[in-house]
Amino acid sequence: MIEILDRNFGGEDLTAIRFGSEKYEVPIHLMQKEREDCILVTDEEIVKYPWLGVAKDTTGQYLLLPKCSIEPIWTIGDKYRSKALEIVRKIALGINQGGKDFAALSVGVMPLYRIYIKDGKDVLILPPDAESILSVSLSRDELDASTKSLLKADTEKGFYLILEMAELLYYGATGSLPFESEEVRRSGYKEIPLEFYASELDEKCSSFISSLLSMGSRKERKIAGNRRSDENLGWFIEETKNLTWNLEDRTREETESNRDRVEKDESFQKLWKEKSHKAKVRRFWIEKGGVILISLLVVLFLSYFVGNWLYETFRAPHTKDLDPEGVILHMLDCQNNLDSAYIDEGFKDDPAQYSEVLNLYVTKTTRATYENIDAIVSAPEWVENGMPAILQGTFIYGVIPQSITETEDGKYEAIIDWYTPFAFTDDVEEENPEMENMARVFVYSVTQDFDFQWNKRGWWVCINNEISDYTLSDVFYVDTYTSLLGQN
């Protein structure tokens with residue numbers, strides 16, 4: 001659990017954010033980069049603010065700052081409730097002015113453990129390198145409270161930070177995040193109306209917050225356009241400049257007392273009962289739906305098998321209008337998408353990678369069902385995005401074609417960069433052991449040969465294919481982060 005304390009290190013009084021325990025060791029690779037500065041947003045200016053590194057004593061690890069008065073962002077729900085709008089606008093301004101590299105939104109939102117209130121009115125935002133040090137030490141519950149609880153299904157990518165700011169305003173008014181409870185998340189992300197907890201909030205301000213929390217994808221896209229999420233905070237800053245925030249400060253005890261009072265109200269109980277029922281129904285289908293669906297599919301499959309077999313036997317493949325190079329590229333695209341159903345289109349026999357793709361498809365589908373995460377990161381997208389860190393427990397897989405050459409009449413040779421989490425041979429596996437908090441990526445240069453024939457029905461068919469050669473090109477160790485942020 002993160003705590004903010006005054007500590008003396010090296011004879012100097014400092015402000016220390018405690019994390020982890022005395023036994024916890026910060027991964028060395030996180031400390032090897034030059035430290036980035038924090039951003040401090042005041043009434044007058046936006047300036048850089050240093051953090052001084054990490055220290056350790058018998059009570060734990062500390063992220064150090066110059067001596068100052070800071071408090072967690074959660075205090076906008078009680079101690080600084082009257083300033084919540086002012087503080088949230090400063091958060092938006094800081095992220096907006098910090099830019100893409102400072103925001104570094106690996107999960108779409110700004111983790112709340114990066115944001116602090118300084119001197120009761122200013123905002124201090126930690127940089128991405130400090131976030132990495134804190135995030136690897138936090139518990140699952142702490143990570144969820146600061147990130148996953150902010151995520152809403154089907155939100156447009158460019159709208160996420162605007163939504164986060166609206167959620168913080170909701171928190172400032174109520175003392176809780178709108179989508180943090182399972183009942184709300186599993187009943188369509190319909191938050192408890194603000195009026196239950198903060199009926200005194202200015203109507204225009206309340207309506208604005210509610211409209212952002214419930215906004216549909218079409219309106220989100222209209223606001224977000226093609227801009228990045230941090231760039232779109234300019235819209236939020238402009239839209240909130242004339243809002244009236246008329247709530248008063250209160251203690252945490254007063255916040256909890258108000259929540260207890262509201263939740264005993266008959267109208268609240270009726271609404272909560274409806275949400276709980278919807279959540280239970282959805283939980284049932286998540287937990288039991290697979291068994292029911294499989295049983296139904298077995299029945300349908302048995303009745304449909306004969307007709308489907310005849311159709312599949314005589315239908316033209318999707319690749320019927322492609323030349324041999326196009327058939328090869330289609331197959332490689334299916335490999336990247338783990339599309340085992342269509343990877344053999346235009347092939348007489350299965351492509352050499354069919355079994356691997358089928359196994360990975362099963363792995364991906366199973367983990368999506370039971371863990372609610374996408375376990376496999378597309379190699380082409382990962383490379384295109386600059387090889388960023390990936391979620392712990394996921395891995396990188398895919399291919400990038402380098403060349404396709406016709407070597408003889410009807411014979412083709414493809415040179416492919418093949419990204420895989422496992423080595424092709426045991427000796428390479430042993431020479432490159434797994435490392436803690438890192439994901440391995442083996443890159444092979446693979447040569448695959450194809451023999452094509454023009455068939456009587458009027459399209460190209462690959463009658464034979466094999467991997468004739470492969471060479472290990474590189475081995476990457478990729479940083480991983482530990483936030484599990486799949487949707488419920």
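**Note on helix packing and strand pairing**

1. Leu161, Ile162, Met165, Ala166 and Leu169 of helix H4 are in contact with Leu233, Trp235 and Phe236 of helix H9 (contact means heavy atoms within 4.5 Å). The residues of this contact comprise eight nonpolar, no polar and no charged (Ala, Val, Leu, Ile, Met, Phe, Trp, Tyr, Cys and Pro count as nonpolar, Asp, Glu, Lys and Arg as charged, and the others, Gly among them, as polar).

2. The model is predicted: local features need pLDDT of at least 70 and side-chain atom pairs pLDDT 80 or more, while totals for chains, interfaces and linings use all residues. Residues are numbered from 1 along each chain as its sequence is written, and side-chain values use heavy atoms, with hydrogens and water left out.

3. H4 (residues 160-174) and H9 (residues 233-240) pack at about 40°, their axes 8 Å apart. H4 is therefore oblique to H9 (angles under 35 degrees count as roughly parallel, over 145 as roughly antiparallel, 65 to 115 as roughly perpendicular and the rest as oblique). Axes are lines fitted to C-alpha atoms, for helices over the stretch in contact, and angles run from 0 to 180 degrees between N-to-C directions. Helices (H or I, at least four residues) and strands (E, at least two) are DSSP runs, numbered from the N terminus.

4. Strand S9 (residues 122-125) is covered on both faces, with Asp122 and Leu124 buried on one side and Val123 and Ile125 buried on the other (buried means under 20% relative accessible area, exposed over 50%, partly exposed in between, with a 1.4 Å probe and protein chains only).

5. S9 pairs antiparallel with strand S3 (residues 38-41) over three bridges (two strands pair if DSSP finds at least two bridges between them); leucine 40 is opposite leucine 124. Strand S8 (residues 115-118) also runs antiparallel to S9, joined by four bridges, and lysine 118 faces aspartate 122. Three residues lie between S8 and S9 in their hairpin, where aspartate 119 has a positive phi near 55°.

6. In helix H2 (residues 128-135), seven of the eight residues are buried. The elements covering them include strand S2 (12-19), helix H1 (84-103), S8 and helix H3 (140-146).

7. An open, mixed sheet of six strands has the order S10-S12-S13-S14-S15-S11; S10 (376-378) and S11 (390-391) are its edge strands. S12 (residues 395-408) and S13 (residues 411-420) are antiparallel, with nine bridges, and glycine 398 has tyrosine 419 as its bridge partner. Helix H12 (residues 324-336) lies across S12, S13, S14 and S15, at about 170° to S12.
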